[in-house]
Amino acid sequence: MDPAKLISCIDFRYITDALTEQEALDILVKAKKGQKNREEQMLKEGYPAYTTSCAWLGYTDQQLTQLCSEALAQGWTKFKVKVGADLQDDIRRCSLIRKLIGPNNTLMIDANQRWDVNEAITWVTKLAEFHPLWIEEPTCPDDVLGHASISKALAPLGIGVATGEQCHNRVMFKQFLQAAALQFVQIDSCRVGSVNENLAIILMAAKFNVPVCPHAGGVGLCELVQHLILFDYISVSASLNNRMCEYVDHLHEHFKSPTIIRNAHYIPPKDPGYSCEMLEESVQKHQYPDGEFFLIAYSLKVVLEAQ
């Protein structure tokens with residue numbers, strides 16, 4: 001789309017103190033240079049992804065070892081580990097995974113809003129020896145100033161703060177960026193007002209020179225968000241430095257145009273649309289309340305209550 005027309009699709013209310021229409025237009029016009037080459041690069045190589053599937057909380061050491069080994073064999077180089085339940089357990093698990101993936105591959109940690117601000121700083125400092133690129137959602141997702149404090153405290157350790165999957169509008173992202181409260185912007189394809197509002201957030205991130213690394217840990221999110229991150233690289237940021245998109249390997253079989261991962265990269269979809277149309281069979285099976293899935297669950301509930 002022509003940059004001027006694209007700008008007309010974005011609501012700049014409440015964010016002009018961070019990004020004006022002219023600034024957004026300038027970013028898009030500047031990114032026109034090399035755009036065709038970047039598009040061809042993506043079609044050939046794909047967009048770099050990271051995996052969250054190897055290191056959920058509760059996995060045994062055997063599971064962690066098996067899943068990380070399999071992922072490495074498939075070409076994965078970026079791994080995210082869930083943390084926050086028990087510090088000593090986190091130290092043991094991060095040590096195991098760092099040894100498995102080696103010193104040159106990328107490790108991130110994710111606390112899913114587990115800690116208070118000071119607790120987050122203390123806890124992550126004790127995990128710094130494993131050289132995580134970022135700590136994701138260290139505290140309440142609405143606490144802009146808390147994230148800013150954590151970011152400032154962890155900066156000397158070379159650990160960034162990543163958040164955004166729970167940010168519900170562009171104004172929240174504006175405040176996080178203005179406060180230097182995050183070093184990685186994690187847009188979500190469904191949390192804010194769909195494509196249009198995410199365009200505003202992507203352009204604000206470009207203005208503040210903060211990489212966009214989308215959240216995709218839910219049903220259909222990989223299918224949706226791949227379009228946004230490809231747009232970011234091809235038409236906005238023109239950079240892959242410290243940039244990657246989350247990938248979780250489940251439930252893609254329910255979609256007509258499932259994501260394609262090759263050598264740990266998102267391969268751009270060729271089908272028209274937003275890649276979110278589900279197979280009719282899956283819709284019917286899981287539709288509430290008459291789908292097969294819910295009927296089976298209800299029958300089981302009746303049996304258990306009768307016992």
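Trainee: What do the side chains of Arg13 and Asp11 form where they meet?

Mentor: A salt bridge is a side-chain nitrogen of Lys or Arg within 4 Å of a carboxyl oxygen of Asp or Glu. The side chains of Arg13 and Asp11 make one, with N and O at 2.7 Å. The model is predicted, so local features need pLDDT of at least 70, side-chain atom pairs count only at pLDDT 80 or more, and totals for chains, interfaces and linings use all residues. Residues are numbered from 1 along each chain as its sequence is written, and side-chain values use heavy atoms, with hydrogens and water left out.

Trainee: Is Arg13 buried or exposed?

Mentor: Look at relative accessible area: buried means under 20%, exposed over 50%, and partly exposed in between (1.4 Å probe, protein chains only). Arg13 counts as exposed because its relative accessibility is 51%. Asp11 has 28%, so Asp11 counts as partly exposed.

Trainee: How many salt bridges are there by this rule?

Mentor: The count comes to 15 salt bridges. Take Glu136 and Lys80: their closest N and O atoms are 2.8 Å apart. Glu136 sits in strand E4 (residues 134-136) and Lys80 in strand E2 (residues 78-82), so this pair links distant parts of the chain, 56 residues apart. Here helices (H or I, at least four residues) and strands (E, at least two) are DSSP runs, numbered from the N terminus. Both Glu136 and Lys80 are buried.

Trainee: Where do Asp232 and Arg243 lie?

Mentor: First, the bond: Asp232 forms a salt bridge with Arg243, with 3.3 Å between the closest N and O atoms. Asp232 is in helix H10 (residues 221-237), while Arg243 is in the loop between H10 and strand E7 (245-247), so the pair ties together parts eleven residues apart in sequence. Asp232 and Arg243 are both buried.

Trainee: Which residues do salt bridges that share partners join into one network?

Mentor: The network holds Lys80, Lys82, Asp110, Glu136 and Glu246.

Trainee: Now the aromatic rings. How is a pair of rings described?

Mentor: By the distance of the centres and the angle of the planes. Rings of Phe, Tyr and Trp (its six-membered ring) pair if their centres lie within 6.5 Å; planes under 30 degrees apart count as stacked, over 60 as edge-to-face and the rest as tilted. By this rule there are eight aromatic pairs. For Trp134 and Phe184, the ring centres are 4.9 Å apart and the planes are at 55°, so the pair is tilted. Trp134 lies in strand E4 and Phe184 in strand E6 (residues 184-185), so they tie together parts 50 residues apart in sequence. Trp134 counts as buried because its relative accessibility is 0%. Phe184, at 4%, counts as buried too.

Trainee: At what angle are the ring planes of Tyr247 and Tyr266?

Mentor: The planes are at 85° and the centres 6.0 Å apart, so the pair is edge-to-face. Tyr247 is in strand E7 and Tyr266 in strand E9, so parts 19 residues apart in sequence are tied together. Both Tyr247 and Tyr266 are buried.

Trainee: Which residues form one aromatic cluster?

Mentor: Tyr50, Trp134 and Phe184 do.

Trainee: Next, the core. Where do nonpolar side chains tend to be?

Mentor: In soluble globular proteins, they tend to be buried together. A nonpolar core is a set of buried Ala, Val, Leu, Ile, Met, Phe, Trp, Tyr and Cys residues joined through side-chain atoms within 4.5 Å. The largest one here has 80 residues, and Val83, Ile135, Val185 and Leu203 touch the most other members. H10 gives the most to this core, with eleven residues. A second, separate core of eight residues includes Met108, Trp134, Phe184 and Cys213.

Trainee: And the backbone: what kind of peptide bond joins Tyr288 and Pro289?

Mentor: A cis peptide bond, with omega about 5°. Pro289 is in the loop between helix H11 (280-286) and helix H12 (292-306).

Trainee: What is the phi of Asn263?

Mentor: Phi is positive, about 55°, although Asn263 is not a glycine. Asn263 is in the loop between strand E8 (260-262) and strand E9 (265-267). With 52% relative accessibility, Asn263 counts as exposed.
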